[in-house]
Amino acid sequence: MIDEKQNRYFDNAATSFPRPPEVAAEMTRYLNEIGGPYGRSSYPRVMEVSRTVESAREMTAQRIGAADADKLVFTHNATHAINTVLQGIDFAKKTILISPLEHNAVVRPLKLLKKYAGIHVGILPHAPDGLINCDALQNIDFSNTALVVVNHQGNVNGLIQPLQQIKKAIGPVPLLVDASQSCGKTQILCDTWNLDFVALTGHKSLYGPTGTGALYMKTPSLLSPLVTGGTGSMSESFDIPGFLPDRFEAGTQNIAGIFGLHAALMHSPDPRHTHDEFLDILNAIGALDSITLLRANSDKYQGELFSIRSDRFDCAYIGMNLQEKFGIETRIGLHCAPLAHFTLGTWPGGAVRIAPSAYHRVEDFEHLLQALHAIVNS
């Protein structure tokens, strides 16, 4: 139930809450009334399941500006999608360049690839806030670079990377975009920007359930499947089918979750605040004594997510007091992104992350501001 009177949940970068009520209703309808598999037969309930799954696929593709929905496959989350790319290409002895704000969903698989495939990992040139320097990319020799990976919106400071300019600068080198934080609230145009791979999750700014995600592939033939098994198609063969989506959707999908995602896409909430109102509260928090903002240096690149730290109190103290005294729920620590904190100079202490959603109103932002003012002046 959505409480219109107050919203104290500011941990939407981890998972969104609340969600549209239709999400749970559709998941329950599937479990209690429809049931049945996807694409495994042709009786009526299977046909309804298949229609809903394909509608969800088309709507997700539309959200990221991809005209060909057949090139989008469902995954369990963005991490699953990212691993499908990182483990689906032969990178032996090649270089992978990444942004300085990557999540462990990228960094940990790359550490294994360094160990077992002998890859080299480099960091793209960037400003102190992590913004990639597109002019400096012109001076890089990409001849041994097999992939560039960019976190579209940083999950520590909310910085939004200029994907179109980055892709133009790297030319034919494939670009993998981690759109975990951005998809649903920040424009993504796969076709217009010529993006090669986009990994996304359903449970953040798309307001869907956990256990849902997707991977868009401009050229699916570049990848080997991460998981193989039964698909309900070509069952006479021991080989995974070569066509989509079957090649990358082995096993039974999270159909209940996809029903929920479909409902979320159909009932996306209208924002209760404007972006300018968010920036106003961001600047007001930054003006508090002893508070330092982790944010983009320019409003042009600032998404609706940021972190704070204090020269008087550690982040655990601030987070605890926000919750215990004011009912405000945030995320403290390193946010599964130690590389980002290295870049921003906040490792190992971390920060308090504040991530609103479309459901937050100006009054909720003001309550947050008053709470932080009270804590840092206590």
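This is a predicted model: local features need pLDDT of at least 70, side-chain atom pairs count only at pLDDT 80 or more; totals for chains, interfaces and linings use all residues.

Student: So is strand 4 mostly covered or exposed?

Tutor: Mostly covered: seven of the seven residues in strand 4 (residues 145–151) are buried, where buried means under 20% relative accessible area with a 1.4 Å probe, protein chains only. Strands (E, at least two residues) and helices (H or I, at least four) are DSSP runs numbered from the N terminus.

Student: Ok, how does strand 2 run relative to strand 4, parallel or antiparallel?

Tutor: Parallel, with four bridges joining strand 2 (residues 95–98) to strand 4; pairing takes at least two DSSP bridges. T95 sits opposite T145 there.

Student: And which residue in strand 5 is the bridge partner of V150?

Tutor: V177. Strand 5 (residues 175–178) also pairs with strand 4 in the parallel sense, over four bridges.

Student: Switching topic: which residues touch the most other members in the largest nonpolar core?

Tutor: I64 and L195, out of 44 residues. Such a core is a set of buried Ala, Val, Leu, Ile, Met, Phe, Trp, Tyr and Cys residues joined through side-chain atoms within 4.5 Å.

Student: Which helix gives the most to this core?

Tutor: Helix 8 (residues 255–266), with six residues. There's also a second, separate core of 25 residues, including L110 and F248.

Technical notes
Residues are numbered from 1 along each chain as its sequence is written. Side-chain values use heavy atoms; hydrogens and water are left out. Buried means under 20% relative accessible area, exposed over 50%, partly exposed in between (1.4 Å probe, protein chains only).
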